[in-house]
Amino acid sequence: MILASINEANFEYDIHSLIQAFFPGREVLVRVFSREELLKRADETELLFVIRYGARDIRMSLYEGPGAGNAAAEAQVDIDPADRRETKNRLKQTLYRLLSDYSGRTLPWGTLTGIRPVKIPMSMLEDGKSNDEIRDYMRGTYLATDEKIDLSIEIAKREQKLLAAIDYEDGYSLYIGIPFCPSTCLYCSFPSFSIEMWRDRVEEYLDALGREIEAMALQMGDRRVNSVYIGGGTPTSLSPKQLDRLLAEIGAQFHLNDAEGRIAYGKNGLLEFTVEAGRPDSITREKLKILLNHNVSRISINPQTMCEKTLKLIGRNHTVEQTRQAFFLAREMGFDNINMDLIVGLPEETIDDVRYTMEEIAGLGPDSVTVHSLAVKRAAKLRMEHENYEHLHMENTWDIIRLTAKRCREMGLFPYYLYRQKNTAGNFENVGYAVPGKEGIYNILIMEEKQTILALGAGATTKAVFDQGNRIERVGNVKDVGIYIDRVDEMIERKKKFLEKYEQ
């Protein structure tokens, strides 16, 4: 265990995130500890950071063990307590250098611990800053590497062009959550429920969701929907009839359908309608036909890896051949915008496994590929049942990330959105690559937080954007499907009040 003892509750999240990035997989506790507490934890403490905020400076010491004896490393930085932002930057820079000197490591994103690093160059570009000015700022303030800075600038410029058609004032995006999956993957922490266990209540869930859809469509009035994303879970774990019902209801209530009941683009400013087909074992010809009948513009078929042994290990319950068959079937039926999600850093995978996966994906030729760096959250089986999986080896490296980036570019796919997650393997990032013109608009909007996203269903969180992104407020639904079904009317009323404030 790694402890960080502070003398006042300040910047705990930043300290925790930075230490965790240097020591992934270790338990890190950051808070005000008494001397007695530290002594009680002496036997379990591997490293102890002592951070003291003074009137004009911050002092930090690193001890190996419970803190007895001489410090293994020390640092100090002068601060102006009146400038909180600069104080945080100086704290993180100093802690980063102490950690880097002690561990002999550097981090690709430097001190950046937030999930949306592209917002920094995006904001600076909007202010008229040059590439060199952005590089100097990100290098000096966050100690980020040139490689990551250039990637974030490239993506920010691409996003600017893609978002030019978005209506920030009267438009919004819509997310619909279907929290059912064929099985739960080892690494997954999303609020998903086994479709087999909940099959008898799926209709009840769709009834409740339908009430929320109807009420919220009425609440949003004449505001225009720019993008729709149905995610989860695995939306295609629904039966064909249930999937058809859901798409028809969304189209009718939000006035997206044409006279034939098909999604109509251009009407109400709709640019994109994505359904996350996700698991290949949930995809059938009948379901794909329903998606086509409703004119869905974009789907995802997500293998995560093309290595059979890994699929079995992580509990995907489908084969590589099923992935190929689902992809070829979708292409044969006419889908011209197919995304595929991959994860690097999966248990027991090597760079050769990742190379093999990339070659297999290149052979399929998807329109976009999203490369995720594995992030193991608290709610994942890998973390909750740690004793059963602690023998598994997981790693992500610069070489792996560069391999995926290079191969995607060779496939004619270019980076268009990026985000990071806490506890990401190797402290890297998730990047979406796409053929020009086939980018996922919703993916950019959820990251850049420039447009309100109305989110419906169990576990969905609505995000209202005010003052062109300077203020963001959220209201969420309960994650549990049973509670959502029983209390959907309460959530509708709470969301109505929230949206009334938003409209004012």
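**Close-up views: cavities and cysteines**

**View 1. The second largest cavity and its lining.** The lining divides into four nonpolar residues, one polar and one charged (nonpolar: Ala, Val, Leu, Ile, Met, Phe, Trp, Tyr, Cys and Pro; charged: Asp, Glu, Lys and Arg; polar: the others, Gly among them). This is a predicted model: local features need pLDDT of at least 70, side-chain atom pairs count only at pLDDT 80 or more, and totals for chains, interfaces and linings use all residues. Residues are numbered from 1 along each chain as its sequence is written, and side-chain values use heavy atoms, without hydrogens and water. Val-371, Ile-401, Thr-404, Glu-429, Val-431 and Tyr-433 form the lining (an atom within 4 Å of a cavity point; on a 1 Å grid over the protein atoms alone, a cavity is a set of points where a 1.4 Å probe fits but cannot get out). The volume is about 40 Å³, the space filled by probe spheres set on the points, which are joined across faces, edges and corners. α16 (398-410) and β15 (430-434) each supply at least two lining residues.

**View 2. The largest cavity.** About 50 Å³ of space lies here. Its lining includes Gln-304, Thr-305, Leu-342 and Glu-349. By class, five lining residues are nonpolar, three polar and one charged.

View 3. Cys-181 is buried at 10% relative accessibility (buried: under 20% relative accessible area, 1.4 Å probe, protein chains only). Cys-307 is also buried, at 6%. The structure holds zero disulfides (pairs of cysteine sulfur atoms within 2.5 Å).

Methods. 1 Å grid on protein atoms, 1.4 Å probe; cavity = no way out; pocket = protein on both sides within 12 Å on 5 of 7 lines; lining within 4 Å. Helix = DSSP H or I, 4+ residues; strand = E, 2+ residues; numbered from the N terminus. Buried < 20%, exposed > 50% of the residue type's maximum accessible area, 1.4 Å probe, protein only.
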